[in-house]
Amino acid sequence: QARAELLGLLEYYFPVAAEPQQRTRQVRLNVDLDRGAGIELTPCPFGFRVDQVEPFPGQSFAAGAVIAEIEGRPLAGLSDEDMENAFGDGFGHGAALLLLEDPASSVEPSAAAAGEEDLGVALGRHVQLAHRP
């Protein structure tokens, strides 16, 4: 009984932190031929972290998600340059993305908005992957 009480006290004062679980989901990339995808990305160890999603053309993911794959090609572990090349190779309207998401984050798809200017895809190093007029 003393052992059970001691274990109870240890668990109370030193709780074991549960590891946050990451969800994955597949989505399709929306790309406008003139304005691009309207997302800003930064390389991270697991792929590209989404820093911002513009209202146009709208995406089914939000800032904070990580793009781990594009068109079945994993991005984790690649150098920044290789990651940008892999993303550029798969980039296009309807490209399949595998996202890693924190279950605590609420992901609201962005709504399309008219009249936005210059919403191309800007990567962390400001590499443009959008068509420009």
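**Figure 1. Overview of the fold.** Of the 133 residues of the protein, 35% count as buried. Buried means under 20% relative accessible area, exposed means over 50%, and partly exposed lies in between (1.4 Å probe, protein chains only). This is a predicted model, in which local features need pLDDT of at least 70 and side-chain atom pairs count only at pLDDT 80 or more, while totals for chains, interfaces and linings use all residues. Residues are numbered from 1 along each chain as its sequence is written, and side-chain values use heavy atoms, with hydrogens and water left out. The protein has two helices and seven strands. Helices (H or I, at least four residues) and strands (E, at least two) are DSSP runs, numbered from the N terminus. Their order from the N terminus is α-β-β-β-β-β-α-β-β.

**Figure 2. Surface and contacts of the whole protein.** A contact means heavy atoms within 4.5 Å. Take the contacts between residues at least 6 apart in sequence: 64% of them join residues at least 24 apart.

Figure 3. The structure holds two aromatic pairs. Rings of Phe, Tyr and Trp (its six-membered ring) pair if their centres lie within 6.5 Å; planes under 30 degrees apart count as stacked, over 60 as edge-to-face and the rest as tilted. F48 and F87 are edge-to-face, because their ring centres are 5.5 Å apart and their planes stand at 75°. F48 belongs to strand β3 (residues 47–53) and F87 to helix α2 (residues 80–90), so this pair ties together parts that are 39 residues apart in sequence. F48 is buried at a relative accessible area of 0%. F87 is buried, with 0% relative accessibility. F87 also pairs with F91 in a tilted arrangement, 6.1 Å centre to centre and 40° between the planes. F91 is buried, as is F87. F48, F87 and F91 form one aromatic cluster.

**Figure 4. A charge over a ring.** The charged end of R35 sits over the ring of F56, 5.1 Å from the ring centre. The rule asks for NZ of Lys or CZ of Arg within 6 Å of the ring centre and within 35 degrees of the ring normal.

Figure 5. Side chains of opposite charge can pair when their charged atoms come close. A salt bridge is a side-chain nitrogen of Lys or Arg within 4 Å of a carboxyl oxygen of Asp or Glu. By this rule the structure has four salt bridges. One of them joins R23 and E101 at 3.1 Å, N to O. R23 lies in strand β1 (residues 23–28) and E101 in strand β6 (residues 96–101), so the bridge ties together parts 78 residues apart in sequence. R23 is partly exposed at 40% relative accessibility, whereas E101 is buried at 1%. E101 also meets R25 in a salt bridge of 3.0 Å, N to O. R25 is in strand β1, so its bridge to E101 in strand β6 ties together parts 76 residues apart in sequence. R25 is partly exposed, at 27% relative accessible area.

**Figure 6. The salt bridge of D89 and R73.** The side chains of D89 and R73 meet at 3.9 Å, N to O. D89 lies in helix α2 and R73 in strand β5 (residues 73–74), so the pair ties together parts that are 16 residues apart in sequence. D89 is exposed, with 64% relative accessible area. R73 is partly exposed at 39% relative accessibility.
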